[in-house]
Amino acid sequence: MGNLTATRPPQPWTAPTASDPVAATLRLPGSKSMTARALVLSALAAGPSTLAGPLRARDTELMAAGLRAMGAHVSISDDDRWLVRPHPLVGPAHVDVGLAGTVMRFVPPVAGLADGRITFDGDPHARTRPLGPLIGALRSLGVRIDVAGAGSLPLTVLGAGGVTGGEVVIDASASSQLVSGLLLAAPRFDRGVVVRHVGPPVPSAPHLRMTVQMLRAAGAAVDDTTPDVWAVEPGPLTGRGWEIEPDLSGAVPFFAAALVTGGEVTLQGWPRSSAQPVEQLRSLLHRMGGEVTLSTTGLTVRGTGAVHGLSADLSDVSELTPALTALAMLADSPSTFTGIGHIRGHETDRLTALAREFTALGADVTEAPDGLEIRPRPLRGGVFRTYQDHRMAHAAAVAGLAVPGIEVDDVGCTSKTMPEFPALWSAMVTGKS
């Protein structure tokens, strides 16, 4: 069930309650997903790359440190523009994955290309996150891996300076990152790779589309025309300038605030064409009572004064589940979310954690194997435990807009993807920067 034990820090963060509709224009940090992929592709390229507007947070700093440990030059001293210069990858080296799924699943395939021994480990709960399918796939592609446990961290990649590659079958129903990790390194494999997924549907399909788009932008030849099959040809990757979009998942709690308070929130810097699932988000927020528009100013969400429940399959956008669950708690009708059983293997078992913490605040919520059923009723204040999961803190903050006295036991966990979250959130709610 994940790391569902937590101790309460001495000073919890009280989620601010909104007395008026929020009215905010925000410029949020860059997408974690795009930053992570750009770092890997840049480290494997034939020339230098830059990342404009990257996300500086624990996950991305761990990714940069892991690539740097293997020999890549990664400069993140400038918050707005990171520089990556590829160098031969060598061991011995150690990669701390923290609690980052991107690091634990994207970097081992890269380590196979290194010449030397690369060890991987991370936070205690990282050892419970599924890696078995990736380990098996890499072994079948010619990578030597020593694993202490049963298909999880800690592990050691015995890099031979190259990977044979070829065709591999994998069950990636636990995480799309299992496929993305193989695809990102595949252009450097001797034979490239053909990945065939066999099993229940791969979740978070938009993230796989992002991987394919970014590979092509770096010069890779990728064929994804056959469902559940991805073929990447061997060949050089091009160093380039990456423009990192604002993080859509990180923006969702702020957009939810517009619905809860009947206010308006604009996210600046949003591109006309996005690699992130903005259309799915637009549809969900519209069904829950929001108005979503895209203009030269940015992506704007307006509340209509009501929040509606809905039934939705969130398998493609599972990162939105915690914030949408908080919205559903405050809705005028029940909600049912399905297709999200895989988020039990995220930073914590998110379904159990959400059900447990909102029930403690008086909610009527039923946990299903692959989702949640929510029947709104008045909530009360109390301690809301995060289990070191940034999205849990976001959910508590959204509920706290309408429910006084919600105390988040560890708001510091938001540093995983947005260290500025507590300050940005309080400034939005109070109207004071």
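This is a dialogue about reading a few features of a predicted model.

Biologist: Which residues does UniProt list for "binding site" together with Gly101?

Modeller: Start with the record, then look for the residues in the model. An unreviewed UniProt entry gives Lys32, Gly101, Arg129, Gln177, Arg350, Arg391 and Lys416 under "binding site". From this set, Lys32, Gly101, Arg129, Gln177, Arg391 and Lys416 belong to the lining of the largest cavity.

Biologist: Where does arginine 350 lie, and is arginine 350 buried or exposed?

Modeller: Arginine 350 is part of helix H10, which spans residues 350-360. Buried means under 20% relative accessible area. Arginine 350 counts as buried because its relative accessibility is 0%.

Biologist: What is arginine 350 in contact with, leaving aside its neighbours within four places in sequence?

Modeller: With those neighbours left aside, the contacts of arginine 350 are Glu319, Pro322, Ile343, Arg344, Asp389, His390 and Arg391. Arg391 is also listed by UniProt for "binding site" in the unreviewed entry.

Biologist: How many residues of H10 are buried?

Modeller: A general point on helices comes before the count. In an α-helix there are 3.6 residues a turn, so residues three or four places apart point the same way. In this model, eight of the eleven residues of H10 are buried, so the helix is largely enclosed by the rest of the structure. The buried residues are Arg350, Leu351, Thr352, Ala353, Leu354, Ala355, Glu357 and Phe358.

Biologist: What covers the buried residues of H10?

Modeller: The cover includes helix H9 (321-329), strands E20 and E21, strand E22 (382-384) and helix H11 (390-400). H10 lies across E20 and E21, and its direction is at about 165° to that of E20. After H10 comes glycine 362, which has a positive phi near 100°.

Biologist: What order do the strands have in the open sheet of four strands?

Modeller: The general idea concerns how strands pair. Strands of a sheet pair through backbone hydrogen bonds, in either a parallel or an antiparallel way. Here the order is E18-E19-E21-E20, and the pairing is mixed. Strand E18 (311-313) and strand E20 (364-368) are at the edges with a single partner strand each, so one side of each has no neighbour in the sheet. From one strand to the next, the twist averages 10°.

Biologist: How many bridges join strand E19 to strand E21?

Modeller: Three bridges join E19 (residues 335-338) to E21 (residues 371-375), and these strands run antiparallel. Threonine 336 stands opposite glutamate 373 of E21.

Biologist: Is serine 335 buried or exposed, and what does its side chain reach?

Modeller: Serine 335 lies in E19. Serine 335 is buried, as its relative accessible area is 1%. Its side chain reaches the backbone nitrogen of leucine 310 at 3.0 Å. Not counting residues up to four places away in sequence, serine 335 touches Gly309, Leu310, Ala328, Leu372, Glu373 and Ile374.

Biologist: Which residues does UniProt list for "binding site" together with Ser33?

Modeller: That list, from an unreviewed entry, names Lys32, Ser33, Arg37, Ser175, Ser176, Gln177, Ser204, Glu319 and His346. The lining of the largest cavity includes Lys32, Ser33, Arg37, Ser175, Ser176, Gln177, Ser204, Glu319 and His346.

Biologist: Where does serine 175 lie, and what lies 3.0 Å from a polar atom of its side chain?

Modeller: Serine 175 is in the loop between strand E10 (166-170) and helix H5 (177-185). Serine 175 is buried at a relative accessible area of 9%. The backbone nitrogen of glutamine 177 is 3.0 Å from a polar atom of the serine 175 side chain. Leaving aside neighbours within four places in sequence, serine 175 is in contact with Arg105 and Pro203.

Biologist: Where is the place of glutamate 319?

Modeller: Glutamate 319 is in the loop between E18 and H9. Glutamate 319 counts as buried because its relative accessibility is 15%. Its contacts, with neighbours within four places in sequence left aside, are Ser249, His346, Arg350 and Arg391.

Biologist: Which side chain does a polar contact of 2.7 Å join to that of lysine 416?

Modeller: The partner is the side chain of aspartate 59. Lysine 416 lies in the loop between strand E23 (406-408) and helix H12 (421-430). At 5% relative accessibility, lysine 416 is counted as buried. Not counting residues up to four places away in sequence, lysine 416 touches Ala57, Arg58, Asp59, Leu99, Ala100, Glu347 and His390.

Conventions
Residues are numbered from 1 along each chain as its sequence is written. This is a predicted model: local features need pLDDT of at least 70, side-chain atom pairs count only at pLDDT 80 or more; totals for chains, interfaces and linings use all residues. Side-chain values use heavy atoms; hydrogens and water are left out. UniProt positions are given in the numbering used here, feature names are shortened, and annotations may be inferred rather than shown by experiment. On a 1 Å grid over the protein atoms alone, a cavity is a set of points where a 1.4 Å probe fits but cannot get out, and a pocket is an open set with protein on both sides within 12 Å along at least five of seven lines; lining residues have an atom within 4 Å of a point. Helices (H or I, at least four residues) and strands (E, at least two) are DSSP runs, numbered from the N terminus. Buried means under 20% relative accessible area, exposed over 50%, partly exposed in between (1.4 Å probe, protein chains only). Contact means heavy atoms within 4.5 Å. A polar contact is a pair of N or O atoms within 3.5 Å; within protein, one must be able to donate a hydrogen and the other to accept it, and residues adjacent in sequence count only if both atoms are side-chain atoms. Two strands pair if DSSP finds at least two bridges between them. Axes are lines fitted to C-alpha atoms, for helices over the stretch in contact, and angles run from 0 to 180 degrees between N-to-C directions.
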